[in-house]
Amino acid sequence: MRPFHGMGTLTTAIVGGGVSGLALARGLLRRLRRPSHHLRLYERYDHRRCQGFGFLVQGDGCRALQRLGINPLAPGLGLALSHVQIFLLDGSLVGEHQLTNTVAMERPALLQVLSEGLEPTVLRYGEAVEGFITQGKVGNRVLGLQMAGGGTTPVDLVIGADGAHSRCRKLIDASPRRSGGLAQVQEIVACVNHPAMAERLGSGFIKIMHPKGGLAVGLVPLPSGKLIWFVQFDCHQYTLPERADLHGFALDLLQEFPSWLLEVLRHSEPGHLHHWRPLDLDPPTQLVGTNLALIGDAAHPMLPFTSQGVNLALADAELLAGLLSGPHERLGLPQALRLYEKRRLPMRPPFVSMGRAMASDFLGSAERAAHRPPVAT
């Protein structure tokens, strides 16, 4: 690997073009203030693929966006939320919580604004990284990328932004993991255009829970008359058949829920739903290797209750971009990566514990779940 004379001199590969990968690319190029001939972002899917649908971006995430030159409340991007209400099936209110610095965003809108201004030569959509050429034992240097289309690409620095099932994480993460892997609570998520309901919700989102626990629906308003709905369900109690029709499964699951809610869900396009199977993993023990760093879900995926995945991703990316470029370039690559790990590694364990506690409450009963906000702060 060449000596570190600044980020612009290193052949750098960002693996993954989701929120964390795009945020890092944007942060690096803004600080370099010149085109980079050495930076590439590899995303296996076409750039139009936008699963996930939406986020609740909170304080750290909003501050990171602002430092990346993005206004979280720009028209068409974010909607500020002030509160959340939790109801039972009969309409009785069992919990109400105030929200601060919480903005609802649609995922495609956030990806679009993060990618604005990035050179076409940087963004390599449809190019999948299938493996790595390494030197030494686990955690040592990555020399190159093995591409799905054949051939290899030499690298000086690799940033793993490739999501919950990260290939990059396997290069450095040899710590023991919680058995089971998949979380007990899974989600079905969709975005629907429903101006009447979005107006009715205003600046709040609602959650309707089955009193026995293990099943709930949330509605979150977005700009421009859209809203996100999500169904959280105990997959031990409610089994999703292989190759199931997600729309039909969700509607069948919610037969006891209010008819007006089911009518909202019916407005969704059946083929545009996403089944989210979160992982339940112990906190990481490392975020960096010799010339590799992990950000976002690649560093550690979050359980759905925390709503912290996007916030951690944005803050990871913005910090790492700052440490690798601009005034911090004098640190040198090893020191910059160690400093990134020192600052971001302690952020994961509290949210892991909180997510597990929230999942336990959710599986217990609606009354247990309603005593705390359905987002971690």
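Reader: Where does S224 lie?

Author: S224 lies in the loop that joins β13 and β14. Please bear in mind that this is a predicted model.

Reader: And is S224 buried or exposed?

Author: S224 is exposed, because its relative accessible area is 62%, and the cut-off for that class is over 50%.

Reader: What is the phi of S224?

Author: Phi of S224 is near 65 degrees, which is a positive value in a residue other than glycine. A positive phi is also found at N101, near 50 degrees, and that residue is not a glycine either.

Reader: Where is the place of N101, then?

Author: N101 belongs to strand β5, which covers residues 93-106. With a relative accessible area of 54%, N101 is exposed.

Reader: Let us turn to α6. Why is it said to be largely enclosed?

Author: Helix α6 spans residues 246-253, and seven of its eight residues are buried, so the rest of the structure largely encloses it. The buried ones are L246, H247, G248, F249, A250, L251 and L253.

Reader: Which elements do those buried residues pack against?

Author: The buried residues of α6 pack against the strands β11 (185-193), β13 (215-221), β14 (226-234) and β15 (274-276), and against helix α7 (259-266).

Reader: What caps the N-terminal end of α6?

Author: D245 provides the cap: one of its side-chain oxygens lies 3.2 Å from the backbone nitrogen of H247.

Reader: I also noticed H194. Buried or exposed?

Author: H194 is buried, with a relative accessible area of 14%. H194 sits in the loop between β11 and α5 (195-201).

Reader: What does H194 touch?

Author: Not counting residues up to four places away in sequence, H194 touches G225, K226, L227, V264 and H267.

Reader: Now the cores. How many residues does the largest nonpolar core have?

Author: The largest nonpolar core has 65 residues, and those with the most contacts inside it are L24, L110, L114, L145, I159, L320 and Y340. Apart from that core lies another, of 29 residues, and its members include V192, L215, L246 and F249. Two of these, L246 and F249, are also among the buried residues of α6.

Reader: With which residues is L110 in contact?

Author: Leaving aside its neighbours within four places in sequence, L110 is in contact with V19, F55, L65, L77, M105 and V310.

Reader: And N311, where is that found?

Author: N311 is found in helix α8, residues 309-324. At 2% relative accessibility, N311 counts as buried.

Reader: What does N311 touch, and what does its side chain reach?

Author: Not counting residues up to four places away in sequence, N311 touches L56, V57, Q58 and G61. The side chain of N311 reaches the backbone oxygen of S307 at 3.1 Å.

Reader: How far apart are N311 and V19?

Author: N311 and V19 are 292 residues apart in sequence, while in space they are 9.8 Å apart, C-alpha to C-alpha.

Reader: What about N291?

Author: N291 lies in the loop between β15 and β16 (292-294). Because its relative accessibility is 0%, N291 counts as buried. A polar atom of the N291 side chain lies 2.9 Å from the backbone oxygen of D156.

Reader: Last topic: how many cavities of 30 Å³ or more are there?

Author: The count comes to two cavities of 30 Å³ or more.

Reader: Which residues line the largest cavity?

Author: The lining of the largest cavity consists of I86, K207, M209, F305, M358, D361, F362, A369, A370, R372, P373 and P374. Each of β12 (204-209), α10 (348-364) and α11 (366-370) supplies at least two residues of that lining, and the largest share, three residues, comes from α10.

Reader: How do the residues of that lining divide?

Author: The lining of the largest cavity has nine nonpolar residues, no polar ones and three charged ones.

Reader: And the lining of the second largest cavity?

Author: The second largest cavity is lined by L279, D280, L281, H300, P301, M302, L303 and V352. By class, its lining has six nonpolar, one polar and one charged residues.

Technical notes. Residues numbered from 1 in each chain as written. Predicted model: local features only at pLDDT ≥ 70, side-chain atom pairs only at ≥ 80, totals over all residues. Heavy atoms only, no water. Buried < 20%, exposed > 50% of the residue type's maximum accessible area, 1.4 Å probe, protein only. Helix = DSSP H or I, 4+ residues; strand = E, 2+ residues; numbered from the N terminus. Contact = heavy atoms within 4.5 Å. Polar contact = N/O pair within 3.5 Å; in protein donor to acceptor, adjacent residues only side chain to side chain. Core = buried A, V, L, I, M, F, W, Y, C linked by side-chain atoms within 4.5 Å. 1 Å grid on protein atoms, 1.4 Å probe; cavity = no way out; pocket = protein on both sides within 12 Å on 5 of 7 lines; lining within 4 Å. Points joined across faces, edges and corners; volume = space filled by probe spheres on them. Nonpolar A, V, L, I, M, F, W, Y, C, P; charged D, E, K, R; others polar.
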